[in-house]
Amino acid sequence: MSDHTPVAKTRGDRKAAVGNVGRPPVGWAVPGIVFFVVFAIVPLGIAVYLSFCDWDGLNSPTMNGLDNWTRLFKDSEFGQAAWLSLLLTTISWVFQTPVALLLGVWAAGRQRSRAVLSAVFFIPLLLSTTAIAMLFRALLDPNFGVIKSIGPWIGVDPNVMGSSTGALLVVAFVGGWQFMPFHTLIYQGGARQIPDVLYQAASIDGAGMVRQFFHITLPQLRHTMTTSSVLMIVGSLTYFDTVLIMTRGGPGTDTTILPYLMYRTGFQTYDLGYAAAIATALVIVATGISLLMVRLTGFGSMRSTREGM
């Protein structure tokens, strides 16, 4: 090495040199920022603007002040749709999280059949939501579907889609069946990052698999669970195509959640200004819940110990 080659002589210089290794320049983020602005920020800004307008989709929008928002808070149908959206989100989280967590931890292991079974389990994630909704609608048809034959055997009413509770549970189940593999993949990746030395130490101390799961796996997957929960909640709040194809908001209005109410208001009654207000309110609710979860779980203060490696 030449005598004129610069060398980091102090500990601070060496730390700075190591910290800068592997960090890409800001220019790498420009395509993503442009994409986000064009397809997220701009449409959101247009929706917020239209929420203060009266617009039928044909003529030019006209400002009407806070009329749409005043109507929103007085509309009992909006209140019911908001309640159903929160209920569907809660059911989806309670249903998907434990199953995805357990499957993800199992898939992170070294079982001989793990790879094959994991590949089969991830197949629903590759299918379109429309195809899945049409499939389950045919299977649950009380006149011609499989549910007509096997329903009485398993204690399920063949007309399960005809009841308010049954229809909502079916929507939650179908959504969970499709997207649970995605969250399983998240937990699988998180579980594989847990150091084996923790389990080895626990085994030496006499801890079994159950104690290792509750005292090592779950605490180590705390931030992974936050990430999965935020994605799951936002996804559940924006269910639309499943409801549109399977229930059309019925029976009655018992599955009319906020996205479907927005669609019906905008594209069936052509009240697009009020539909934009519903869409904006949905964005506010989803963002608020996500930020609250991040705040309460301490996810925002998490720092990677591998940054720059």
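Some ground rules come first. Residues are numbered from 1 along each chain as its sequence is written, and side-chain values use heavy atoms, with hydrogens and water left out. Since the model is predicted, local features need pLDDT of at least 70 and side-chain atom pairs count only at pLDDT 80 or more, while totals for chains, interfaces and linings use all residues.

The chain holds 15 helices and two strands; these are DSSP runs numbered from the N terminus, with helices being H or I of at least four residues and strands being E of at least two. Of its 309 residues, 35% count as buried, where buried means under 20% relative accessible area, exposed means over 50%, and partly exposed is what lies in between (1.4 Å probe, protein chains only). As for contacts, meaning heavy atoms within 4.5 Å, 68% of those with a separation of 6 or more involve residues 24 or more positions apart.

On the α4 side the contact is made by Leu103, Trp106 and Ala107, and on the α5 side by Arg114, Leu117, Ser118 and Phe121. By class that gives five nonpolar, one polar and one charged residues; Ala, Val, Leu, Ile, Met, Phe, Trp, Tyr, Cys and Pro count as nonpolar, Asp, Glu, Lys and Arg as charged, and the others, Gly among them, as polar. Leu87 is also found in α4, and Leu87 is partly exposed, with a relative accessible area of 28%. The C-alpha atoms of Leu87 and Ile257 are separated by 9.6 Å, although the two residues are 170 residues apart along the chain.

The largest pocket comes next, with about 610 Å³ of space. Grid points are joined across faces, edges and corners, and the volume is the space filled by probe spheres set on the points. There are 18 lining residues, and the closest to the pocket centre are Val105, Ala108, Gly109, Tyr199 and Thr217. Two or more residues each come from α4, α9 (164-192), α10 (196-204) and α11 (209-220), with α11 giving the largest share, six residues. By class, the lining has 11 nonpolar, four polar and three charged residues.

On to the aromatics. Rings of Phe, Tyr and Trp (its six-membered ring) pair if their centres lie within 6.5 Å; planes under 30 degrees apart count as stacked, over 60 as edge-to-face and the rest as tilted. By this rule the count comes to 10 aromatic pairs. One of them is the tilted pair of Phe52 and Trp69, at 6.3 Å centre to centre and 40° between the planes. Phe52 sits in the loop between α2 (30-50) and β1 (53-54), and Trp69 in helix α3 (residues 67-74), 17 residues apart. Phe52 is partly exposed at 27% relative accessible area, whereas Trp69 counts as buried at 14%. The rings of Phe95 and Phe173 also form a tilted pair, because their planes are at 35°, with centres 5.9 Å apart. This pair links α4, which holds Phe95, to α9, which holds Phe173, across 78 residues. Phe95 is partly exposed at 29%, and so is Phe173 at 39%. Phe95, Phe136, Phe173 and Trp177 form one aromatic cluster.

Finally, a few backbone details. The peptide bond from Gly250 to Pro251 is cis, with omega near 0°, and Pro251 lies in the loop between α13 (241-246) and α14 (258-267). Arg248 is found in the loop between α13 and α14; its phi is near 50°, a positive value in a residue other than glycine, and Arg248 is exposed at 51%. Tyr270, in the loop between α14 and α15 (272-297), has a positive phi near 55° and is exposed at 52%.

Notes:
On a 1 Å grid over the protein atoms alone, a cavity is a set of points where a 1.4 Å probe fits but cannot get out, and a pocket is an open set with protein on both sides within 12 Å along at least five of seven lines; lining residues have an atom within 4 Å of a point.
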